[in-house]
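Keep the 3D view open and turn it as you read.

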Amino acid sequence: MPAARHPDPDFATTLQHGLQVLHCFTVGEPALGNKELSERTGLSKATISRLTYTLAARGLVVFDAHLRRYRLGSTALTIGYPLMASLRIRQVARGRMKQLADEVGGSVSLGMRDRTRMVYIETCRGHDLSAWRPDIGAAVPMLPTAMGRSWLAHAPPQLRDAVLAQIEASEPGQVRLYEADLARAQADLKRKGFCVSRGAWRSDVQAVGVPIRIPQDGETLVLNCGVLTSRLGPRQLEQGVGPRLVALARSVEADLDAAP
């Protein structure tokens with residue numbers, strides 16, 4: 001099926017197509033051939049060949065001669081570095097995040113929104129479980145996660161509705177499926193200062209999320225603490241971890257507010 005033409009004449013369609021190609025690569029599928037990229041993007045094989053040739057020339061992808069497939073190149077990593085380096089909150093929060101992660105035996109992460117998902121920009125682990133290792137750059141959905149629910153619950157209504165509309169457009173039925181959870185998240189954030197997700201994204205993980213109330217470069221960031229359900233009960237999560245994550249967020253905010 002040919003890709004739909006964008007209605008805005010100022011929209012750079014060729015750039016969009018190149019970005020579509022880059023977004024096809026995932027942790028589960030780090031190497032893809034032109035045929036697979038064509039199937040995932042809806043672009044013709046000829047167009048994909050031109051795009052991968054150009055992306056390879058710029059270092060954004062590299063060709064694996066053994067697999068006869070492309071992988072992301074190191075240039076893709078360097079593009080995000082200026083953003084990461086400019087987020088001072090990562091340095092401010094990291095030590096306190098690590099302390100909490102060690103004490104609860106879980107993972108404490110800091111994330112920001114990328115369209116309809118949340119992306120980790122800092123993470124600290126207090127466990128050695130290879131099957132559950134959230135890392136910087138990992139993306140998680142908004143509706144089933146404590147991090148995403150916290151962002152949605154904190155967002156201004158107009159922005160929240162716009163993001164929910166984007167989610168509905170890409171995943172029909174998801175907003176209605178999590179409607180009650182989102183309403184509960186809004187009530188929890190107002191009453192307790194944090195939002196909860198119990199196994200909605202990963203059945204073996206429960207988490208709490210707290211939005212940072214001081215925007216960073218115009219973006220709302222969220223702190224998240226996830227713990228295996230086998231290590232901590234729901235009551236301990238809400239009465240112990242939740243309030244501690246709120247205290248961590250408030251202390252980070254105080255340091256950010258005091259900075260010149």
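Which residue in strand 8 stands opposite serine 109? It's asparagine 224. Before going further, bear in mind that what you're looking at is a predicted model.

Strand 7 deserves a look of its own. On one flank, 7 bridges join strand 7 to strand 8, and the two run antiparallel. Asparagine 224 turns up again here, as the bridge partner of glycine 209. On the other flank, strand 7 pairs with strand 6 over 4 bridges, again in the antiparallel sense, and serine 197 stands opposite alanine 207. Strand 6 and strand 7 make a hairpin with 6 residues between them, and glycine 199 in the turn has a positive phi of about 70°.

How many of the residues of strand 7 are buried? The count is 7 of its 7. In a regular strand the side chains alternate between the two faces of the sheet. For strand 7, Val205, Ala207, Gly209 and Pro211 sit on one side, with Gln206, Val208 and Val210 on the other, and both faces are covered.

From there, hop over to helix 10 and pick out alanine 249. Its relative accessibility is 0%, so alanine 249 counts as buried. Setting aside neighbours within four places in sequence, alanine 249 is in contact with Val210, Ile212 and Leu223. Alanine 56, on the other hand, is 193 residues away from alanine 249 in sequence and 42 Å away in space, C-alpha to C-alpha.

What about the cysteines? The disulfide count comes to 0, taking a disulfide as a pair of cysteine sulfur atoms within 2.5 Å. Cysteine 195 is in no disulfide, and the nearest cysteine sulfur, that of cysteine 225, is 14 Å away. For cysteine 225, which is in no disulfide either, the nearest cysteine sulfur is that of cysteine 124, 11 Å away. Cysteine 195 is buried at 0% relative accessibility, and cysteine 225 is buried with a relative accessible area of 0%.

Last stop: a pair of helices. Helix 1 (residues 13-23) and helix 3 (residues 45-57) pack with their axes 10 Å apart, at an angle of about 80°. That makes helix 1 roughly perpendicular to helix 3. Where do they meet? Helix 1 brings Thr14, His17, Gly18, Val21 and Leu22, while helix 3 brings Ile48, Leu51, Thr52 and Leu55. The residues of this contact split into 5 nonpolar, 4 polar and no charged.

Methods
Residues numbered from 1 in each chain as written. Heavy atoms only, no water. Axes fitted to C-alpha atoms, helices over the stretch in contact; angles between N-to-C directions. Parallel < 35°, antiparallel > 145°, perpendicular 65-115°, else oblique. Contact = heavy atoms within 4.5 Å. Nonpolar A, V, L, I, M, F, W, Y, C, P; charged D, E, K, R; others polar. Pairing = 2+ DSSP bridges. Buried < 20%, exposed > 50% of the residue type's maximum accessible area, 1.4 Å probe, protein only.
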